[in-house]
Amino acid sequence: MLDDAPTPHVLGDEIIIIENLYKTFGNVRAVYDFSMTVRRGEVVVIVGPSGSGKSTVLRCINHLETPSQGDIYIDGVHLEDKKTDINAVRAEVGMVFQQFNLFGHLSVLDNITLAQRLIRKRSRAEAERIGMEQLERVGIPEKARAFPRQLSGGQQQRVAIARSLAMNPKIMLFDEPTSALDPEMIKEVLDVMLDLARGGMTMVVVTHEMGFARSAADRVVFMDQGCVVETAAPKTLFNNPQHERTKLFLSKIISH
Ligand code: ADP
Ligand code: MG
């Protein structure tokens with residue numbers, strides 16, 4: 001089980017700053033005046049109803065979406081500045097999706113070495129060495145030569161995490177990483193994420209796994225209709241929500 005031990009984060013400077021972010025798709029307001037700061041080593045969990053803009057916020061952080069308005073700074077680099085090399089920033093920000101997005105025609109290890117070789121310009125030998133270290137870290141080194149289809153969902157998601165970690169990111173973003181998994185595989189993925197959090201990784205995690213939020217998060221952000229409704233430490237937000245919308249949402253997800 002996930003326990004309630006406090007997370008020994010060393011809080012430092014601000015590594016993600018989002019100021020008054022807006023994102024519209026046609027006439028859909030996906031994100032509306034969203035501001036958030038994440039300090040180095042912090043773990044922030046974002047919760048909120050479907051369609052509240054959680055994925056859009058994550059996608060703006062690594063510039064998979066361009067904001068309609070607002071400013072995002074990643075480790076001091078302004079993403080909206082035309083002179084910014086977005087690919088360089090993106091290499092520092094790992095992202096893990098609900099669907100694992102592994103290449104089916106590549107072995108596990110080749111999935112993990114591909115971006116390292118293309119973007120980090122590592123030799124095959126070095127990329128494989130680092131890849132194996134990360135596969136050890138997520139607990140499945142014996143799967144290096146297997147293909148994704150031979151793995152369970154939980155194992156595939158751990159490969160996707162290893163692939164991101166092999167790039168030595170400064171920040172890891174997770175978008176509902178356990179939502180596509182069978183229940184018995186959720187824990188093995190959350191355990192890897194918890195280890196990462198305890199190791200001091202800066203993480204922004206969209207998840208409805210409240211046990212994970214309680215164990216790993218420094219702060220929980222509740223979003224609704226593109227906005228931050230409230231932000232608090234997990235215990236405070238879950239036990240003593242201030243807003244009616246938060247209470248209503250929590251009553252729906254915590255009851256089961
Ligand atoms: P969440 O992750 O909280 O479920 P999303 O960020 O995916 O929410 O979506 C927020 C809103 O923006 C939703 O209404 C969604 O339909 C809309 N949206 C997201 N991405 C797109 C897109 N590429 N094109 C059009 N609408 C989108
Ligand atoms: Mg989403």
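Which residues are around ligand 1? I looked this up first.

**Entry: ground rules.** I am working with a predicted model, where local features need pLDDT of at least 70, side-chain atom pairs count only at pLDDT 80 or more, and totals for chains, interfaces and linings use all residues. Residues are numbered from 1 along each chain as its sequence is written, chains are lettered from A and ligands numbered from 1 in the order in which they are written, and side-chain values use heavy atoms, with hydrogens and water left out.

**Entry: the shell.** I found F25, V28, A30, P49, S50, G51, S52, G53, K54, S55 and T56 around ligand 1; to be near, a residue must have a heavy atom within 4 Å of the molecule. I sorted these residues into 4 nonpolar, 6 polar and 1 charged. In this sorting Ala, Val, Leu, Ile, Met, Phe, Trp, Tyr, Cys and Pro count as nonpolar, Asp, Glu, Lys and Arg as charged, and the others, Gly among them, as polar.

**Entry: polar contacts.** I looked for pairs of N or O atoms within 3.5 Å; within protein, one must be able to donate a hydrogen and the other to accept it, and residues adjacent in sequence count only if both atoms are side-chain atoms. For T56, I noted a polar side-chain atom 2.5 Å from an oxygen atom of ligand 1. For K54, a side-chain N or O atom is 2.7 Å from a ligand oxygen. S52 uses a backbone N or O atom, which lies 3.1 Å from an oxygen atom of ligand 1.

I then checked cover: ligand 1 taken alone exposes 560 Å², and the protein buries 60% of that (Shrake-Rupley method, 1.4 Å probe).

β2 (28-39) and α1 (54-61) are the elements that give two or more residues to the shell. α1 gives the most, with 3 residues. Helices (H or I, at least four residues) and strands (E, at least two) are DSSP runs, numbered from the N terminus.

**Entry: helix pairs.** How do α5 and α6 pack, at what angle and how far apart are their axes? I read an angle of about 20° and axes 8 Å apart for α5 (residues 153-165) and α6 (residues 183-198). Axes are lines fitted to C-alpha atoms, for helices over the stretch in contact, and angles run from 0 to 180 degrees between N-to-C directions. α5 is therefore roughly parallel to α6 (under 35 degrees; over 145 is roughly antiparallel, 65 to 115 roughly perpendicular, the rest oblique).
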